[in-house]
Amino acid sequence: MARVLLTGGAGFVGSHTAEALLAAGHEVAGIDNLRTGCVENLSSFAGHPGWRFFRQDILDAENFNRVVREVAPDVVLHFAGLVSVPESIANPGLNSEMNVRAVHVMIDAAVMAGVRRVIFASSAAVYGDSTAVPLDEHSPTRPVSPYGEAKLAGEALVLGRGRTLGFEPVCLRYFNIYGPRQHRDSPYSGVVSRFLDRLRAGQPLVIFGDGRQTRDFIHVRDVARANVVAACDPGPLAGIFNICSGSEVAVNDLAAALQRQFLSRLDPIFEPGRSGDVKRSAGNPTRAREILGFSARIALAAGLSEFEGNSVAP
Ligand code: UD1
């Protein structure tokens with residue numbers, strides 16, 4: 001049994017990961033300032049004896065350090081951060097605070113508390129306009145947004161400090177995560193939840209650019225399982241891992257699949273491409289499979305079919 005601390009514990013990925021860790025018998029503490037996370041995300045396990053929750057902003061270093069010392073975790077999973085590429089462009093200062101300074105604060109607290117392993121939520125956005133699709137962990141990193149730059153800086157911090165200060169640094173490069181509890185009602189939400197929101201409201205989908213840009217979609221329960229595997233690996237474990245499905249899907253094809261599922265005949269509205277938008281993104285999942293023993297299991301069609309819609313045969 002491990003004692004695990006999740007920053008961003010009430011968020012989309014954090015709450016699914018907490019649930020999976022508790023189900024596997026671990027002791028779990030979550031920290032969240034509830035900026036985008038919410039207590040409803042915790043409802044299925046809030047009363048679990050292995051769970052503790054602290055409403056706390058990481059950037060308040062003194063109080064955050066106190067929580068980390070009190071929990072005394074073996075492993076920290078750092079999910080707290082700003083998750084949206086367009087928001088990082090609209091508010092680069094906030095992006096630096098939440099995606100870079102917060103990593104410094106988290107590492108300082110982890111080191112002081114003698115944490116054995118730090119797992120950092122990185123992103124496929126670090127590959128940016130790298131054309132070596134499918135992208136593996138040795139592909140060039142060429143971020144095209146403040147978000148991607150900050151995630152790359154966060155990786156460098158975690159890996160560098162891990163080497164010099166003696167904790168095991170693990171960076172998980174998540175591709176495009178979707179599934180229940182993802183924010184829907186914000187312009188900064190992910191594409192699957194944006195599309196669902198509009199379909200449920202009977203509105204046409206909005207596609208940025210020509211819709212031929214691609215993404216590698218991975219279900220949040222697969223991501224939670226990857227996180228449990230990374231947290232519980234007997235180790236020593238260090239380095240960078242893609243967490244992806246390995247399938248490349250165009251935004252147009254995602255739109256068409258969801259329109260079929262929801263029986264929507266409205267033509268999508270095409271709007272200008274977003275700045276900082278990656279053109280092609282699909283990962284090579286080999287390293288995660290070989291070293292962590294992790295492979296995604298939920299195919300996109302199966303994951304999407306969980307959403308309420310007037311399901312029809314494809
Ligand atoms: C997403 C994640 C980011 C993660 C990265 C990994 C979110 C909000 N962002 O970024 O945290 O690190 O994947 O690859 O979860 N689009 C439309 N119409 C819409 C919304 C989006 O056409 O209504 C398009 C976008 O222009 C983009 C694609 O869909 O080409 C995906 O967009 P989005 O879901 O916002 O995610 P990413 O920017 O890929």
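Does Glu168 count as buried or exposed, and at what relative accessibility? In the predicted model described here, Glu168 counts as buried, because its relative accessibility is 15% and the limit for that class is under 20%. The partner of Glu168 in a salt bridge is Arg116, with 4.0 Å between the closest N and O atoms. Arg116 is placed in the loop between α4 (92–112) and β5 (117–123), whereas Glu168 belongs to strand β6 (residues 168–174), so the pair ties together parts of the chain that are 52 residues apart in sequence.

The structure holds 18 salt bridges, among them a pairing of Asp210 with Arg212 in which the closest N and O atoms are 3.3 Å apart. In this pair Asp210 is partly exposed, at a relative accessible area of 35%, while Arg212 is exposed, at 61%. Salt bridges with shared partners also connect Arg116, Arg117 and Glu168 in one network.

The size of an interface is often expressed as the accessible area that is lost when the parts come together. For domain 1 and domain 2 this buried area is about 2000 Å², of which 55% lies on carbon and sulfur atoms. Of the area that domain 1 buries against domain 2, 23% is supplied by Phe12, Val133 and His219, more than by any other three residues.

Polar and charged interactions also cross this interface, where seven residue pairs are in polar contact and one salt bridge is found.

Side chains of opposite charge can pair when their charged atoms come close. Such a pairing is formed by Glu19 and Arg181, whose closest N and O atoms are 2.8 Å apart. The salt bridge between Arg181 and Glu19 links distant parts of the chain, as Arg181 is in the loop between β7 and α6 (191–200) and Glu19 is in helix α1, 162 residues away. Arg181 is partly exposed, with a relative accessible area of 27%, and Glu19 likewise counts as partly exposed, at 27% relative accessibility.

Thr214, in strand β9 (residues 214–215), is buried, with a relative accessible area of 9%. The side chain of Thr214 makes a polar contact of 2.7 Å with that of Glu248, and a polar atom of the Thr214 side chain lies 3.2 Å from the backbone nitrogen of Ser281. Beyond its neighbours within four places in sequence, Thr214 is in contact with residues including Val249, Ala250, Lys279 and Arg280. Ile298 is located in the loop between α9 (286–292) and α10 (300–305), and its C-alpha atom is 9.4 Å from that of Val220, although 78 residues separate them along the chain. When residues up to four places away in sequence are not counted, Ile298 touches Tyr178, His219, Arg221, Asp222 and Gly303.

Terms used. Residues are numbered from 1 along each chain as its sequence is written. This is a predicted model: local features need pLDDT of at least 70, side-chain atom pairs count only at pLDDT 80 or more; totals for chains, interfaces and linings use all residues. Side-chain values use heavy atoms; hydrogens and water are left out. Buried area is the accessible area (1.4 Å probe) that two parts lose on being put together, summed over both. A salt bridge is a side-chain nitrogen of Lys or Arg within 4 Å of a carboxyl oxygen of Asp or Glu. A polar contact is a pair of N or O atoms within 3.5 Å; within protein, one must be able to donate a hydrogen and the other to accept it, and residues adjacent in sequence count only if both atoms are side-chain atoms. Helices (H or I, at least four residues) and strands (E, at least two) are DSSP runs, numbered from the N terminus. Contact means heavy atoms within 4.5 Å. Buried means under 20% relative accessible area, exposed over 50%, partly exposed in between (1.4 Å probe, protein chains only).
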